[in-house]
Amino acid sequence: MFAHKIRRLLCLVVPSLIVILLAMPTSAQWPGTWVSSIQVMNLGTATANVVVEYYREDGTRIDSATHSYTITVGSSLNIYQPNVPGLPEGFKGSAVVSADQPIAAIGSQQTFYADGSIGNSQYSGFNAQAVGNKFYLPNVNKKFGGSQWSSRITIQNVTANLVTATITFYNADGTVRDTDTVNLPGNGSATLTQINDSELPDGWLGAAVVEATGDVAVIVDVMSADGRLETYNGFTSGSTKMYLPTLLINFGANQWNSSFQVFNVGNVSAVVTMTYYTSGVATPAKVVTTTLPPYQSINRYQPTADSDLGAPWIGSVVIESTQPIVAVGSQSSGAPGKRLASIYNGVASGATQAFLPTILRYFGGSNFVTSFQIMNVGSEPASVTVEYFAPGNPTPVMTVRYDGTPGNEPKIAPYTSVNRYQGHDTALGSGWQGSVRVTSDQPVVVLGSQVGLNRTGDAAGQYNGIVATP
């Protein structure tokens with residue numbers, strides 16, 4: 001997330017971010033060898049001096065692994081934990097990323113399986129505005145569906161004091177299924193794995209609420225029995241409007257299909273209206289209205305619940321509610337032999353500037369290539385400028401404009417989205433790694449995605465674009 005709260009670390013006055021890192025499996029559902037990385041982008045006006053600290057689950061800091069880095073304006077830096085000097089093998093815990101300039105950060109997880117395939121996921125770091133003492137988790141499960149999806153919840157104590165966290169699990173109908181409590185030492189963390197929870201039945205899909213006696217950060221991993229991996233951030237509050245910029249039905253060569261989960265976090269029933277838009281078309285493609293009692297959740301799988309949209313189809317949805325809600329969107333490949341999946345957070349409001357710290361074009365041995373979705377959530381057509389930055393260069397190496405002028409792309413219609421696939425951005429060249437800044441005269445929501453074309457298994461990941469909040 002965009003970092004702007006100031007606190008003192010290592011005698012430096014710096015903004016800071018929390019990034020939860022997982023490196024070890026916790027049950028047979030979570031096999032493989034786990035590693036992580038952090039991508040940090042400098043959003044400031046001068047070179048950023050960055051410090052990264054690592055904390056074990058018991059809250060102790062690994063002094064030997066504390067290191068400093070510099071990042072030029074607009075650039076991003078990848079820190080791969082297996083290559084960090086002084087960080088012991090088998091580490092599982094969290095990191096605090098600090099800087100003397102505003103920064104954004106995303107975390108990535110990979111698990112390497114014995115057959116050579118991987119699981120891959122991404123999520124946003126937490127700044128001071130993204131932590132809190134209450135979190136809503138709209139998608140929690142145990143051996144759910146034919147793919148047997150199961151989740152795990154990781155809670156990070158971002159204070160120096162002991163914090164007690166209570167996790168309440170809700171059935172899809174809003175009734176309480178189970179309650180767990182964990183004690184977190186200062187700067188410590190804990191993981192609850194739902195497949196090990198005997199109070200949750202096989203085939204269960206629901207939601208959860210985390211309440212703590214101090215500030216925490218929460219992420220949720222979701223993994224299928226065949227090794228697909230997804231990660232999303234917990235929500236500190238609900239909203240009466242949420243935007244999901246990417247929905248898919250049998251779309252593209254990988255035959256992507258999506259679903260989304262909506263959770264009523266209000267204390268009375270909510271009337272929920274879901275308005276679907278086909279990409280590039282301002283007229284709604286479909287409107288669905290339903291009622292959700294308190295703490296009830298619903299899942300809509302587009303190929304079945306919304307098959308009337310046709311196939312292939314790509315678009316977005318605006319969810320409006322009479323009570324606060326939270327929502328996540330996920331997608332997986334339906335192509336034979338493909339094991340690809342990712343998830344992202346619904347967004348309550350747009351911004352006129354957003355940042356993508358990781359943009360790739362056929363990068364590395366895994367041949368990673370990215371795409372990103374820009375959704376106009378304003379009431380007028382949006383003029384949007386997309387600037388690509390290479391590491392160490394504060395001047396954009398490529399600029400694309402959606403302003404409707406000759407030679408440029410059309411403006412983006414209200415509530416519709418456009419997709420930029422970096423495989424088509426030939427000016428970047430093969431092997432390119434960098435970052436992107438999106439600027440608009442209307443509020444937009446931005447979502448980044450990546451796939452490793454040369455890797456078997458789940459080489460896909462998604463993360464929410466970072467917005468510069470005051």
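Predicted model: local features only at pLDDT ≥ 70, side-chain atom pairs only at ≥ 80, totals over all residues.
## Confidence

The protein chain has an average pLDDT of 90. Of its residues, 93% score at least 70. Confidence is highest in strand 12, at 98. Confidence is lowest in strand 1 (residues 6-9), where the mean is 26.

Two stretches call for caution. Residues 1-14 stay under 50 in pLDDT, and the model gives them 56 contacts beyond four places in sequence. Residues 23-27 also stay under 50, with 19 such contacts.

## Aromatic pairs

The whole structure holds 10 aromatic pairs. One of them joins Tyr 54 and Phe 91. Tyr 54 belongs to strand 4 (residues 48-56), while Phe 91 sits in the loop between strand 6 (76-80) and strand 7 (93-99). The pair therefore ties together parts that are 37 residues apart in sequence. Both Tyr 54 and Phe 91 are buried.

Tyr 170 and Phe 263 form another pair. Here the centres are 6.3 Å apart and the planes lie at 50°, so the pair is tilted. Tyr 170 is in strand 12 (residues 163-171) and Phe 263 in strand 18 (residues 256-264). These two residues are 93 apart, so the pair links distant parts of the chain. Tyr 170 counts as buried because its relative accessibility, 11%, falls under the 20% cut-off. Phe 263 is buried too, at 0%. Tyr 295 joins Tyr 170 and Phe 263 in a cluster linked by ring pairs.

## Charges over rings

The charged end of Arg 152 is placed over the ring of Trp 34, 4.4 Å from the ring centre. Lys 286 lies over the face of Tyr 276, and its distance from the ring centre is 5.6 Å.

## An exposed proline

Pro 312 lies in the loop between helix 1 (302-305) and strand 22 (313-333). Is Pro 312 buried or exposed? Its relative accessible area is 59%, so Pro 312 is exposed.

Which residues does Pro 312 touch, leaving out those up to four places away in sequence? They are Ile 249, Asn 250 and Phe 251. Pro 312 and Tyr 415 are 103 residues apart in sequence. In space, their C-alpha atoms are 20 Å apart.

Conventions: Residues numbered from 1 in each chain as written. Heavy atoms only, no water. Phe/Tyr/Trp six-rings, centres within 6.5 Å; stacked < 30°, edge-to-face > 60°. Helix = DSSP H or I, 4+ residues; strand = E, 2+ residues; numbered from the N terminus. Buried < 20%, exposed > 50% of the residue type's maximum accessible area, 1.4 Å probe, protein only. Lys NZ or Arg CZ within 6 Å of the ring centre and 35° of its normal. Contact = heavy atoms within 4.5 Å. pLDDT = per-residue confidence, 0-100.
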